[in-house]
Each structure stands twice: as structure tokens, then as C-alpha cells.
Amino acid sequence: MLESLVFYTLAALIIGFGVLVVTTRNPVHCVLCLVANFLCVAMIFVLLAAEFLAMIQILVYAGGIVVLYLFVVMLVNLRRPPDARMDGRRQTRFGFVLVALLLTEVSAILVYSAAHPSSLVAVAPQRPAVGNAETIGMLLYTDYLVPFELASMLLLVAMVGAIVLARKEA
Amino acid sequence: MTHTYLVPLLKILVLLNAVLVSVTFMTLLERKVIAWVQVRLGPMRVGPYGSLQPIADAIKLLLKEDITPVRADRFVFTLAPIVSMVPALIAFAVIPFDREATFFGYQVPLVIADVNVGLLYLVSITSIGVYGIILAGYASNSKFPLLSGLRASAQLISYEIAITMMLVSVVVMAGTLSMTGLVDAQYNARVWYVFVQPLAFVILFIGGLAETNRAPFDLPEAEQELTGGYHTEYSGMRFALFFLAEYANMIVVSGVAATLFFGGWLRPFPNVAALWILDYIPGWMWFLLKTFVFLYVFIWIRATLPRYRYDQLMRLGWKVLIPLAIANLVVTAVLKVLL
Amino acid sequence: MSQFDTSELTLNMGPQHPSTHGVLRVVLRLDGERVVGCDIVIGYLHRGIEKLCEHRDWAQIVLITDRMDYVAAASNNLGYVETVEKLMSLEVPRRARYIRTILAELQRIASHCLWLGTHAMDLGAMTVFLYAFRERELVLDLFEEYCGARLTYNSMRIGGLPLDIPPGWGAKVRRFCDILETKVPEYEELLTHNRIWRDRTTGIGVIDGDDAVAIGLTGPALRGSGVPRDVRKDEPYAAYSEFEFSVPIGAAGDTYDRYLVRIEEFHQSIRIIRQALDGLPEGPILGKVPRLLKPPAGETYHAIESPKGELGYFIVSDGKAHTPYRFRVRPPSFCNLQALPRLVTGHLVSDVVALIGSIDIVLGEVDR
């Protein structure tokens, strides 16, 4: 009962902050709402007994990536030009159509799955026998080794690219 | 029912109070220690030997006029000290003071939340703490505090990498991320990890100095002299919160160093039965003693060393500490597999 | 990344500043973090000393010279009285010259203590500040016992000294020298081989000997660049010709060498003081000076080696008035400060503070 309460509160917060990210005028406030969003998502992970993932979410997303967003926002000093609404490249009507399509799809899926409950039963999250980190480690290095290596290559390439771009022509 | 909610709540209350009081009195400790190093006496007027000085400081700061810059972002301006202080305080949730202590017939573990990813929790909370500085610099609505804040946070982020790698080295040796598990691992290994991984401890300590903006890495604070530090626009209690957060971070780093490298609550030579007389000192007292020693070293270093220039600081972090940290991690991992 | 449009940033280190050692305004032009140029604005402490002295008696001017380099007041006194003595061709008794030398060297020690403390504190080593001032206090106590004042001494007269040293003063000075000899290694232990200190000072503010001479640097700043010029050796005054001492010379001309030169000067000053105390002759302390001082018409320039550099006085007397016609000071700090733009160019903003400390200026002297 308490769990549902917490879950629904967190869900409301996530959606609320998400909406705020999109609608706030001040770019720094947007980024802060994004951080709050990520923190709430981390809390949901904790609710699902995936503490490792929650900590990684905070460490990497909220503590690393969004900090970089914040750096960029502050240094670039974005300001929305007053005539942005009049920008000819904006296709508001097309946007509405796309969103309507997406919503129809999502509701179709929801209705279908409600009408035809799948054989999978929702299991309450249990604490795994071995710790979180160990489980993930086992999976990463055995079943998902190739994607893991590819991801690390990607990160390495990104790092090298960043350094090359940032170096001054000495 | 009582146990699940009341006991942690009580623990939180006690710990928060203890931390806030000790953080306040750390200001006095610092002033006294630095004064005695510098052939002075330090605060002597308020209370016997100046012991009530922090109370006088707190009252003064509370009564100061609360100035908010006119064009600053009010919300962020108020938020920044909070975002600085809160992570420093909640980091204490995973620091184990002792395995168990008996209160009124109840056996309670002296740690608020012994999560099995305790160490990772600490690291992630530290990375949240960076926001306080960035937001403080931004909220001042002025070019130089902004740049200073960004610079200070870049310093923090850089040294976080070295620290995290050192924490991982210890985790590799212990095989667990939980803080109590790490102390148990040292007990089982019959040796404090500082003797097995001295380099890791040194890098952790240096990184801790940089993380908490302490000398010799306190250029962001001394920067006020030149270009306006990130907390130039703050006054009164908000200003105090930044520095209290710094002291709280210092205590966290000291506590982590004590737990990871010096056996936490274990007494010296925990496996040597002949020293049974040391068992009379409870574990949490050993822990506090070790933490206190590290805090003293923090203050001692501040009194002694000159401060690094920013580019030298970053060079040290990236070109010296991170390669050493990687080397340490690789060697630890290899030896762990081989041995 | 030169395709980005960057412009120079102007940063003002205002007259009120914890690190500029007085009311000095430095306007830095920055390219990012690097200093590309620097404009110095002085005059915030101008009190019209030179003009003031045109309306003061020859004897009263000694009081005013105290206020120029207030950190080393006795040196200012010494320079002035020797210039007037040169103008009047007065003979100063030997005992007076010895005591003057002792006072001047004590001033050198006191000034260098202050320099060391503030320079170290600017770079973050707070403790050295307190230690150096502890020794400076001892010197100030000695001066207080001698002439009654701690900062502005009025301790010399034209033709000699106003007061003889009190009994027991010599022994106290000896004891002070012994104490200082144990303390300077303490400062060195904290700084000289400290990795952080060396990182902050080596290679910072390099100026080579020829440039230094061309700009007009004197004193330890010049000697740090390898130029062996010391007025005490080249044109001895007071009793310096009778003592044995060496003049430390640097090699690289950077902040670290200037620091080493001044540290060594501590030791050399102690050496001079000890020799002076050992050989202190008996005799009068004031020479044959006419009641009413009236130097003959003429002009003269005389310089001494003050702790900051070559302190020179150019005095013109018209023979008739009881005040000088023109009183001009060559303040070492003023001339040394001119090197600052050359020194800071190419360095970071954090180095500017180190360099101002390294040149060792006193605004009282710069502005007069």
C-alpha cells in the first residue's frame, strides 16, 4: 500500500518535472527540472530493488551528463528570440498530427494489453540472492560482452574526439 | 512496525544533530589548530578558551541582513546553498560508525542505511554536490562568479574520477560495495587496507582535498581576491551554509578514508587477541578517533602548504592522479585474479 | 580555434585589494586567462612629500622621509642624512657610522620579513606570514628600545645619530641574530623545496639581466637576474667598506630566484650586524654640525641600498634658504614597478599576485 503511494507520487513528480522541462522559459530552470526528473527516476529504480541502477542513474545522468548540459547552458547563454513563435520553420500543425498519431498508437497498445492480459504475471520485485552489482557484472561480462565492448569503444571515440576538437591549433 | 520506522528515524535525528553540531564546532577546531600552528591562540574570548565561539558566529550569521542581488535568479539563488548542504548531510546515511551497539536492550547497527551499494551511493551523492557550486556561480548574475563557479565544479569533477577509481580498487579487493562489508573484509583479511593499498589511500586523500575545495586546492575560494568567487554575492546564513557544507564534506571524506583504509570501527590489530584490553574502547570511538585524525590532517595541510594555480591543479588531477589511479586499479585487479 | 571571435577582457585589480600591498591599481588586459598587457595606475597614496620637503627644515625632513618606505623607515633616514652630509661635506664619527649600519641591516631584515610573509600569504602559505612577522616584531622591539618608535623612527640626524644605543642593546641584537639564524631555515623548510611553491614561482616573471638594467630595476629584483649590482659594494656608504659580506646573485631571473636572493640576504645581514657589533668603536655619535644647518649652494645625488633597491636622493640647495630648493627621491619601488607589465605578460591572472609580491613594492615609496 505504501509502495503504491510512493510509486504514484514519484510517477506524478516525473511527469510533472518532465512537463516543466519542456515548458519553462528559463533554460537553467529547465535543466534543474531535468535533474529532479532523473532523481525521481532513480527513486523508482530503488523501488524496484535495482539499487545499483539507481545509483548509476544519479552518478552518470544526474551527476555527469546534466552537469555538462548546465555548463553549456550557462556558457552559451541561450535566450529565446522574441519572434520564435513566428519562425517559419516551425511546423506546428504537422507536430500536432504526429503527436496525435503517437498517442493513438500508445492508447491502442494499452487497450489491447488490457483486453488481452498476457501470460506473464507481474511479479513483485524481489531482492536478488546475489547483490545487484554482482548480477549486473556477471551479465555484462558473459551474456552481453559484445555490446559492452562496443559501448566502451563508443565512449573512447567520443573522448578522443572531444579532446581533438578542444585542442587549440598550437 | 516500530522497528522499521522508529529506529531509523531516531538514528537520523541523532546523526543529523551530531553532524550539524560537529560541523559548527569544526570551524572552531580549524581556527584553533591553525592558530596554534601560527604561534597564535585563536578565539579566546567567547566562553572558556573560546569554546563558545561557533555559537557566537552562528548567532551573528543568523542576524545578518539577507541580501539578494536584484537581478539574480531568486529561485536558483536560494537553491544553491541547499543543494550544497543536503548532499553533504545525506552522505552520512551510509557511513558505518559501528557494527552494533546496544541501546535500551535493542541491538542496533550504527549505520542508518546499510545498502549493498553503499559506496556507490556516496560517489553519486558527491556528484550531486557539484550543482551547488555551479548554481551559486550562476545565481550571482555576474560574469566572474559564473566562471569561477564553473571552474570550481570542473575541479571537483576532475578529481572525482581519481577518487572513484581508488574506491573501485578497494572494492575489487573486498569484493563488496557495502560499507559494513568493506570493514568486514578488512577484518577477514587481518590487515587494514592502507597497508595493502597505500597509493590508493594517498590518491583518495589528495582527491578528497580537491573535492572539498581545501588547500592546497582552494583556489576557487581564494579567487575572491581576484575575480570574485562563486559565493561573492552570498551573505549571512546562506554563505555559512556553503562553508558548513564544505566541513560536512570533509567529515564525510575523513569517514570514508577511515572506513575504507583504516578499518572503520576496528581497533588496531583486531585479530590479535593479546590486545584484548583495547576492546574496552567501543568501536564507534575508534571510528571517531580515526576520522578526527584525518580532519586534523586536513587542517594541518591547510596551515602549511601554499596553494596551487588552477592550471597546475588540473594538470595534477588529469596528468598525474588519473594515470596513477588507473595503474593502481589495473595492478589491483590483476593481482586479485592471480593471487 | 582562432576563428572564434574573442576580444580582450579588461580586469581591474582595484586600489582596494588584499594582495596588492597597498593602494595600487592594476588594469589587466586578458586574452582568456593569459595576460596580454597591464596598465598600472598609481598615485593613490601621493602625499606630496617632495613638495612638502621644500618647506621643511633640513632637520625636519628626516621625519618625513620615514613615511616613504614605511616598512624600512631607517633606511630612508639613512639615505637622506648621508645625502645632506655629502652636500655639506660633513664628517660622521665612526661609532655613528657603525650604529647606522646596524640599524640599516636590521631594517633590511625587518623589510624582508614583511616581504616574505606577504609574498607567501599571497600564494597561500598562511603560516609563513605569522612566522615572519614574529621575527619582525623582535626587530621592532629593538628599535623601540633604541629610539622609542616601532615604525617611523626619525632615528638619524645630519652628522650622526640623536641617541646612543642603550646599555644591553648590543647583547639583545646579538641574541636576535642568533634567533633569526634558527628561524630562516624554518621558512626555507616550508617553502624552498616545497613542490607547490616551486611550481608557483619557477619560470614566473623571467627577466634577463640586460632587460632588467634597461628598465631600471635595482635591488634583489635585479640581482635575481644575475646582475651583481649592490650599492653597498659598488659605492660603499656608512661603514660597509669595513665589513665582509657577499651579495647573493640569482641565475634565472624568475620569482624563485628573487625569493632565494632575499632569503640569503637575511644571512648576510646577520653577518654584517655581528661584525659591526664586534668592532663597535667608542666615540661620539654626532659630528661637528653647525647649529643652523645651511648646506652650501649646489646639488648632489647619493644612493644607498635600501631593502627594496637603490634608494637615491637628489637634493638641490640654494645656499640661502633653510629648506632645500629641490628634494627629489629615486624610489626603488617606483622604478621596479615599471617592470611589472614586462613581467606579467604571458602569465595567468593568478601569477600577477605572485609577481607584485616578488618585486616587493611599498606604495608609500611609489607614490610619495
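The stops below go from a whole chain to one residue and then to a contact between chains.

This is a predicted model, in which local features need pLDDT of at least 70 and side-chain atom pairs count only at pLDDT 80 or more, while totals for chains, interfaces and linings use all residues. Residues are numbered from 1 along each chain as its sequence is written, with chains lettered from A and ligands numbered from 1 in the order in which they are written.

Select chain C, which holds 15 helices and six strands; helices (H or I, at least four residues) and strands (E, at least two) are DSSP runs numbered from the N terminus. The C-alpha trace of chain C spans about 75 × 45 × 35 Å along its principal axes. Of its 368 residues, 51% are buried, that is, they have 20 or more other C-beta atoms within 10 Å of their own, with C-beta atoms placed from the backbone.

Next, select C:Arg34, found in strand 3 (residues 34-41) of chain C. Not counting residues up to four places away in sequence, C:Arg34 touches C:Gly346 and C:Leu348, a contact being two C-beta atoms, placed from the backbone, within 7 Å.

Finally, show chains B and C together, where the contact takes 20 residues from chain B and 21 residues from chain C. On the chain B side, helix 11 (283-304) and helix 12 (310-338) are the elements that give two or more residues, and helix 12 of chain B has the largest share, three residues.

Definitions and conventions: A residue is buried if 20 or more other C-beta atoms lie within 10 Å of its own, exposed if 12 or fewer, and partly exposed in between; C-beta atoms are placed from the backbone.
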